[in-house]
Amino acid sequence: MEHKKLKAFPNDFLWGSASAAYQVEGAPFEDGKKASVWDNFVRIPGKTFKGTNGDVAVDHYHRYKEDVALMKELGLKSYRFSIAWTRILPDGRGEVNQAGLKFYEDLIDELIANEIEPIVTIYHWDLPQALEDLYGGWESREIIADFVNYAEVLFNAFKGKVKYWVSLNEQNIFTSQGWSLATHPPGKRDMKLFYQVNHIANLTNAAVINKFHELEMDGQIGPSFAYTPQYAKDSDPLNVLAAENAEELYSHFWMDVYLYGEYPIAAMAYLRENGLAPEFEAGDAELLKSAKPDFLGINYYQTATNAWNPVDGGVGVGSFNTSGKKGTTKESGIPGLHKKIQNPFIDRTNWDWEIDPEGLRIALRRITSRYRIPVMITENGLGEYDKVEDGKIHDDYRIKYLESHVKAIKEAMTDGAKVIGYHTWSYTDLLSWLNGYQKRYGFVYVDQDETMEGSLKRIPKDSYYWYQHLIETNAEEV
């Protein structure tokens with residue numbers, strides 16, 4: 001659709017930015033906090049870029065007031081952040097750590113005092129190591145009760161202060177990277193276990209959404225899904241089928257469960273045929289059906305283009321580009337389903353992530369047509385090398401990226417999509433999990449690198465001032 005005039009963003013639109021506890025806070029063992037699986041995983045040689053870890057990160061734990069002051073100056077309407085489970089319940093269960101709870105209470109109060117809406121992510125990958133040791137973490141159904149108990153502590157503590165809650169962040173990423181690709185904790189390669197772990201996570205997500213509604217919380221809750229819309233290489237029916245396979249197994253497989261309470265038919269047929277289908281117990285189907293999210297969080301970074309990948313001689317799993325050397329990503333896929341290939345019509349970042357703002361519009365159109373639910377963009381951003389020149393950071397490439405994606409949202413809203421907020425990834429520069437500190441996403445530059453001995457000085461980038469103007473004008477000029 002080509003529109004003569006684009007719909008304006010509503011006046012209450014949540015222009016925000018985002019972060020995650022492990023990537024910004026530091027202070028991993030202060031004030032009663034104990035280890036998460038990430039505190040230990042990063043210490044395994046070869047797992048992260050040059051052995052970088054989050055022991056200091058960007059020291060948000062001690063500098064949150066400085067960071068919130070910069071948010072206020074920027075004009076943020078909302079700030080999405082995650083809570084570290086191990087600050088609240090150091091062993092994952094048991095007695096509440098009041099010092100940890102107070103940190104987040106102080107942060108939330110500081111945000112509210114500065115007229116910034118706090119958006120809390122309950123889980124952003126930092127599982128308590130104690131639960132991993134006790135029963136295998138996400139591999140056991142015991143985690144359902146422990147997670148709901150942890151969430152209920154947060155609900156009771158921040159009821160009336162926090163209106164928007166994200167239950168699980170990128171369930172599709174932490175399960176696949178943890179149990180299929182071995183690049184995240186616990187570092188396993190077991191496809192049968194991956195699908196079972198994911199099923200347990202689905203049950204957990206449903207249970208916590210139900211608890212939120214049972215408590216009659218004044219607000220909204222929903223999961224945050226990393227959505228990569230799938231394209232076909234061309235109109236060859238086999239390539240179209242490959243794209244359909246990818247969309248079914250990498251997108252519908254999660255979103256259908258969140259919104260319909262059921263796994264998609266073709267995906268389950270494939271899993272049963274290959275002995276990979278998750279095992280249901282009594283009550284599972286009913287639990288999945290009963291949970292109704294109030295919105296769907298979407299983390300959007302890129303699209304993927306697919307070609308047919310035959311069983312005989314097909315391409316398997318390739319390697320990720322965690323080096324920042326453009327063009328080093330190899331083709332990858334699943335024989336008999338699809339293979340991901342390079343799209344010749346769009347550019348890529350230095351980490352080979354495809355830059356496709358039109359894909360965000362397509363994503364929102366697909367979600368609107370299939371699920372008819374409000375969407376909150378919980379992440380969208382550009383990870384790149386940033387350089388300080390005369391005390392300034394001229395990141396015009398980030399401005400171009402973000403502006404084009406904001407325009408895509410505006411177009412999708414004109415198409416009929418309901419979008420309630422847009423949160424860039426990220427607010428400050430931060431630890432980029434496997435990629436260290438060289439891959440920068442923030443509006444605010446932080447003097448930190450792989451030596452982890454930086455001054456941690458904050459410097460607003462050009463994109464900071466661009467976003468400030470965008471918020472002031474409610475994106476009227478886009």
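**Exercise 1. Determine which residue caps the N-terminal end of helix H9, and through which atoms.**

Solution. The capping residue of H9 is Asp190. One of its side-chain oxygens lies 3.3 Å from the backbone nitrogen of Lys192. A polar contact is a pair of N or O atoms within 3.5 Å; within protein, one must be able to donate a hydrogen and the other to accept it, and residues adjacent in sequence count only if both atoms are side-chain atoms. Helices (H or I, at least four residues) and strands (E, at least two) are DSSP runs numbered from the N terminus.

The model is predicted: local features need pLDDT of at least 70, side-chain atom pairs count only at pLDDT 80 or more, and totals for chains, interfaces and linings use all residues. Residues are numbered from 1 along each chain as its sequence is written, and side-chain values use heavy atoms, with hydrogens and water left out.

**Exercise 2. Compare the span of H9 with the expected one, and state how many of its residues are buried.**

Solution. Step one: H9 covers residues 191-214, which is 24 residues. Step two: the expected span of a helix is 1.5 Å times one less than its number of residues. For H9 the expected value is 34 Å, and the distance from first to last C-alpha, 35 Å, is close to it. Step three: 18 of the 24 residues are buried (under 20% relative accessible area; exposed is over 50%, partly exposed in between; 1.4 Å probe, protein chains only). H9 is therefore largely enclosed by the rest of the structure. Just after the helix, Glu216 takes a positive phi of about 55 degrees.

**Exercise 3. Describe how helices H5 and H7 pack.**

Solution. Begin with the geometry: H5 (residues 98-113) and H7 (residues 142-158) meet at an angle of about 45 degrees, and their axes are 11 Å apart. Axes are lines fitted to C-alpha atoms, for helices over the stretch in contact, and angles run from 0 to 180 degrees between N-to-C directions. The two helices are therefore oblique to each other, given that angles under 35 degrees count as roughly parallel, over 145 as roughly antiparallel, 65 to 115 as roughly perpendicular and the rest as oblique. Next, identify the contact (heavy atoms within 4.5 Å). H5 contributes Leu101, Tyr104, Glu105 and Ile108, while H7 contributes Val153, Leu154, Ala157 and Phe158.

**Exercise 4. State where Val56 is found and what it contacts.**

Solution. Val56 is found in the loop between helix H2 (37-41) and helix H3 (60-74). With a relative accessible area of 33%, Val56 is partly exposed. Leaving aside neighbours within four places in sequence, Val56 is in contact with Val24, Glu25, Gly26, Gln448 and Leu456.
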